[in-house]
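Here's a quick tour in question form. Have a look at the model first, then read on.

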Amino acid sequence: MHIQGSVALVTGANRGLGLAYAKALLAAGARKVYAGARDPATVTLPGVIAVKLDVTRPQDITAAAAQCADVDIVVNNAGIADTTPLLDPAHGVAALRRLLDTNLHGVHAMALAFAPVLKANGGGALVNMLSALSWVSLGSLDAYSVSKAAAWALTNGLRNELRAQGTQVLAVHAGYIDTDMASHVDAPKSSPDDIARRTLEALARGESEVLADQASQQVKAGFAATPSYYLGAA
Ligand SMILES: NC(=O)c1ccc[n+]([C@@H]2O[C@H](COP(=O)([O-])OP(=O)(O)OC[C@H]3O[C@@H](n4cnc5c(N)ncnc54)[C@H](OP(=O)(O)O)[C@@H]3O)[C@@H](O)[C@H]2O)c1
């Protein structure tokens, strides 16, 4: 995918990794960057176009697909985390549904709305922000892992279904990133700028998957270990 001269849309681009993606796309020569945000007033990066876009609101997605009809790169970055245990009797069900609404159904709804747009613009690329936790569960983020594992499977399915129209589908996996989402974590974290840069490099090389840090590389390698890494708490 050529980033120079492209038109990109990033969801959750007001802060965190989404902001880093928007900056990196501008730096790599994207012609136009739409910055999706639940509240467009929170988009402060110069040079982008703020778009009201809550990925759990079908009306926002429909409007965004009409407003951003010239995009050829869609970055599904928006996501939420939650530490509610799966077996929490009072809140477990609601927490998992909330996570799936954003991290799975939000990504699916964006793909449904933007697949025809990408096709009309020559194929383009869909970038889905996943996690090392798509492949392993931590005791504290089990429900989040369910949502990211489902989003990984969704990404693989979308790649199959978008192949015929020439859309590159890039899965991005990473461990902890230094954003608000991981602010409570006392562990090594990658900078959002590094993750964004590695993602765009992989996109430019035409790849389908990027393991954007050491943690994601270790977790994937752990599939082959005995016992497999995902069988125990990481
Ligand atoms: N941080 C990590 O350690 C880490 C590691 C691996 C993967 N990831 C993934 O990376 C992505 C970005 O996370 P981050 O670290 O930048 O998190 P963050 O700092 O918490 O930012 C999350 C972003 O997503 C937006 N968002 C949340 N729900 C949304 C919705 N329904 N519609 C549209 N936007 C929504 C937020 O908007 P508001 O400002 O309106 O809340 C914010 O812009 C997520 O998919 C996350 O799962 C993060």
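A quick term first: buried means under 20% relative accessible area, exposed means over 50%, and partly exposed is in between (1.4 Å probe, protein chains only). This is a predicted model, where local features need pLDDT of at least 70, side-chain atom pairs count only at pLDDT 80 or more, and totals for chains, interfaces and linings use all residues. Residues are numbered from 1 along each chain as its sequence is written, and side-chain values use heavy atoms, leaving out hydrogens and water.

Q: Is K52 buried, partly exposed or exposed?
A: K52 has a relative accessible area of 40%. That value makes K52 partly exposed.

Q: Which residue forms a salt bridge with both K52 and R57?
A: A salt bridge here is a side-chain nitrogen of Lys or Arg within 4 Å of a carboxyl oxygen of Asp or Glu. K52 has its closest N and O atoms 3.2 Å from its partner, and for R57 the N to O figure is 3.4 Å. K52, R57 and that partner are linked in a network, and the partner is D60.

Q: Is D60 buried or exposed?
A: D60 has 6% relative accessibility. So D60 counts as buried.

Q: How many residues apart are D70 and K32?
A: Their side chains meet in a salt bridge of 2.6 Å, N to O. D70 sits in the loop between α2 (58-67) and β4, while K32 is in strand β2 (residues 32-37). The pair links distant parts of the chain, being 38 residues apart.

Terms used
Helix = DSSP H or I, 4+ residues; strand = E, 2+ residues; numbered from the N terminus.
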